Amino acid sequence: MRYWLMTSLFTFCAFYHVQMFNKILPRTKMPTNTRKYLDTLTKDQLKEIWRTADAVCFDVDSTIVQEEGIDELAEFCGVGEAVKQWTIQAMGGNIRFRTALETRLNMCNLTLEQLERYKKEKPLTLTAGIKELIGHLHSEKIPVFLISGGFRQLNVPLAHRLNIPSENVFSVELLFDSDGRYHGFNKNNPTSDSGGKTKVVHRLKDKYGFKRLIMIGDGATDMETCPPADGFIGFGGNVIRDKVREHSPWFVTSFQELLDELKVSN
Ligand SMILES: [Mg+2]
């Protein structure tokens, strides 16, 4: 009973805090250049870029896997509901990403031992069709990258399941002290802050000279990589975010649709 009361109180306080924070913070608008770019890009033009893409970047949480990583981890640590509220705000782009990340990780108060146990007991569920789609891209020699605000310790093993090399994974490294207690995260990882995914896309284009880079994801931060990404495809197979659906020239709810489009062009 006491535990239940404490948990309810904690959840309520965290939720109230998010609501108040949201009220005093101006709602983040989509960057003007993204709006302009996506408003002028037609579905046919985007399909053409997709069929001839020279690089494809995927978001991870709620895109290539069904879960929202940090929410699942929080659930495992017993603070699921409180953390979920923060995730909703972070996904909507209403709170600085780093603030939301720091707050949620502090709530989890994770240990290295817990993280290892979590990886074993709760393997991430691949979204239907992703394996086939990435397999097809690889067979066409198109490099695939994962760009995620999730955790490197979870995303690298996931990438290996999809034959994506570790160096093509951009995510946030969790840090632990010598006793295995949570000790923050690597702030040098660009995706640990707002605008980080866009920064990664810039770097990839600079480094490899990609001219037709496609980003695919469910969230506002994925959409905002465009430009510099040459095209953005909204993905709603796990969760549909209104803002993303509204502004994506091409919004899909199944990876099969993307695969079919590539096969038609062959
Ligand atoms: Mg996502």
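pLDDT is the predictor's confidence in each residue, on a scale from 0 to 100. This is a predicted model, in which local features need pLDDT of at least 70 and side-chain atom pairs count only at pLDDT 80 or more, while totals for chains, interfaces and linings use all residues. Residues are numbered from 1 along each chain as its sequence is written. Helices (H or I, at least four residues) and strands (E, at least two) are DSSP runs, numbered from the N terminus.

**Confidence**
- Within the chain, helix α1 (residues 2-24) has the lowest confidence, with a mean of 45, and β1 the highest, at 98.
- Residues 9-27 have pLDDT below 50, and this stretch makes 16 contacts in the model beyond near neighbours in sequence (a contact means C-beta atoms, placed from the backbone, within 7 Å).
- The chain has a mean pLDDT of 86, and 86% of its residues reach 70 or more.

**Strand β2 and its partners**
- Strand β2 (residues 144-151) is largely enclosed by the rest of the structure, because eight of its eight residues are buried (20 or more other C-beta atoms within 10 Å of the residue's own, with C-beta atoms placed from the backbone).
- Strand β1 (residues 55-58) runs parallel to β2, joined by three bridges; strands pair if DSSP finds at least two bridges between them.
- Phe58 stands opposite Leu146 of β2.
- Strand β3 (residues 169-172) also pairs with β2 in the parallel sense, over three bridges, and Phe170 in β3 is the bridge partner of Ile147.

**Helix α3**
- Leu46, Ile49 and Trp50 are the buried residues of helix α3 (residues 43-51).
- These residues lie on the same side of α3, because they cover an arc of only 100 degrees around the axis (the arc of the directions from the helix axis to the C-beta atoms).

How values were computed
A residue is buried if 20 or more other C-beta atoms lie within 10 Å of its own, exposed if 12 or fewer, and partly exposed in between; C-beta atoms are placed from the backbone. Two residues are in contact if their C-beta atoms, placed from the backbone, lie within 7 Å.
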